[in-house]
Amino acid sequence: HESALIQRAFLDSGPQRIKVHTIGASIQRAFVVDLVTAGIANKSLRDDIEPEVYIYLIQTILTTSQPYMSNLLSMHNVAVLQDDFFIFFDQIVTTLDQGMRYRIRR
């Protein structure tokens, strides 16, 4: 129910839509900046790549994933949806971490 409420807030075409999106984008960016900063500090992210590249990449993925998420929301129940979200994002993280190149297993 909470997910549906948040979804409606972001998809609402009312006059507050721009304000909701601005607040959401600001909170999202702060969250991503904190993640990237911590990742570089604890050596889980490479420090030879500019933080802004990480921030851009993560924000782009989060923002462009919205249509995919909306489609899943309209097609599935919440239990299936949650599993699909986790699988989707796990695969994105795996792709970012390991790349797209096929690796021959020995």
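Here is a short chat about the predicted model shown above.

Reader: What are we looking at, and how many helices and strands are there?
Author: The protein has five helices and zero strands, where helices are DSSP runs of H or I with at least four residues and strands are E runs of at least two, numbered from the N terminus. This is a predicted model, in which local features need pLDDT of at least 70, side-chain atom pairs count only at pLDDT 80 or more, and totals for chains, interfaces and linings use all residues. Residues are numbered from 1 along each chain as its sequence is written, and side-chain values use heavy atoms, with hydrogens and water left out.

Reader: OK, how much of it counts as buried?
Author: Of its 106 residues, 13% are buried (under 20% relative accessible area; exposed is over 50%, partly exposed in between, with a 1.4 Å probe and protein chains only).

Reader: New topic: how many salt bridges?
Author: Three, each being a side-chain nitrogen of Lys or Arg within 4 Å of a carboxyl oxygen of Asp or Glu. One of them joins E52 and R29, at 3.2 Å from N to O. That pair links distant parts of the chain, with E52 in helix α3 (residues 51-64) and R29 in helix α2 (residues 17-41), 23 residues apart.

Reader: Are those two buried or partly exposed?
Author: E52 is partly exposed at 43% relative accessibility, and R29 is partly exposed too, at 32%.
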